[in-house]
Amino acid sequence: MNTAACFENGDIATALSVIHSEGSDFCPHAKFKGVSLKHLVKGEMTDNQISCHLVKVEPFCTLETHIHENNLEIHDVIYGGGVCEIAENKVDYKVGSIGVIPANTPHKVIAGENGIYILAKFTPALL
């Protein structure tokens, strides 16, 4: 099983329970075709301090330029590859890459031929 599949079907342990992530579906992104999200850890679980989302970008699709006004975002690439533009910096994304995106910083992700899965964490929580 690849790492992305492990996160898609893994467990989320809290002080009170274990949540099985396979029970939640990917949601298509409202604005970007070929992009979907699976909300693994929501702000309600962390007193809105952090959230964690599995982002799937289909082959050759783009998570277009956007900003998060009040959220620091950290990307962990767990499958596939592509290119991330963080402000003016163009970075090759591959498994093991980590991107740090300060609040109010424009960024986008362009998936390569195999698509890309990103574990995205936001502080404060995005949702």
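**Reading an aromatic cluster**

Reply: Start with Tyr79. Tyr79 is partly exposed, at a relative accessible area of 29%. Keep in mind that this is a predicted model.

Me: How many aromatic pairs does a search of the whole structure find?

Reply: Rings pair if their centres lie within 6.5 Å. Here the search finds 2 aromatic pairs.

Me: How are the rings of Phe26 and Tyr117 arranged?

Reply: Look at the angle between planes: over 60 degrees counts as edge-to-face. The planes of Phe26 and Tyr117 stand at 80°, with centres 6.4 Å apart, so this pair is edge-to-face.

Me: Is Tyr117 buried or exposed?

Reply: Buried means under 20% relative accessible area. Tyr117 has 13%, so Tyr117 is buried.

Me: What pair do Tyr79 and Tyr117 form?

Reply: An edge-to-face one, with 5.7 Å centre to centre and 85° between the planes. Tyr79 sits in strand β7 (residues 72-86) and Tyr117 in strand β10, 38 residues apart, so distant parts of the chain are linked.

Me: Which residue lies over the face of Phe26?

Reply: Lys56 does, at 4.3 Å from the ring centre.

Me: Which residues form a nonpolar patch on the surface?

Reply: Leu72, Ile98 and Val100, with about 260 Å² of accessible area together. Val100 belongs to strand β9 (residues 98-101).

Notes
Residues are numbered from 1 along each chain as its sequence is written. This is a predicted model: local features need pLDDT of at least 70, side-chain atom pairs count only at pLDDT 80 or more; totals for chains, interfaces and linings use all residues. Side-chain values use heavy atoms; hydrogens and water are left out. Patches are made of residues with over 30% relative accessible area and no salt bridge: like charges are joined within 9 Å, nonpolar side chains (Val, Leu, Ile, Met, Phe, Trp, Tyr) within 5 Å. Accessible areas come from the Shrake-Rupley method with a 1.4 Å probe; for residues, only the protein chains shown count as cover. A salt bridge is a side-chain nitrogen of Lys or Arg within 4 Å of a carboxyl oxygen of Asp or Glu. Helices (H or I, at least four residues) and strands (E, at least two) are DSSP runs, numbered from the N terminus. Rings of Phe, Tyr and Trp (its six-membered ring) pair if their centres lie within 6.5 Å; planes under 30 degrees apart count as stacked, over 60 as edge-to-face and the rest as tilted. Buried means under 20% relative accessible area, exposed over 50%, partly exposed in between (1.4 Å probe, protein chains only). A charge sits over a ring if NZ of Lys or CZ of Arg is within 6 Å of the ring centre and within 35 degrees of the ring normal.
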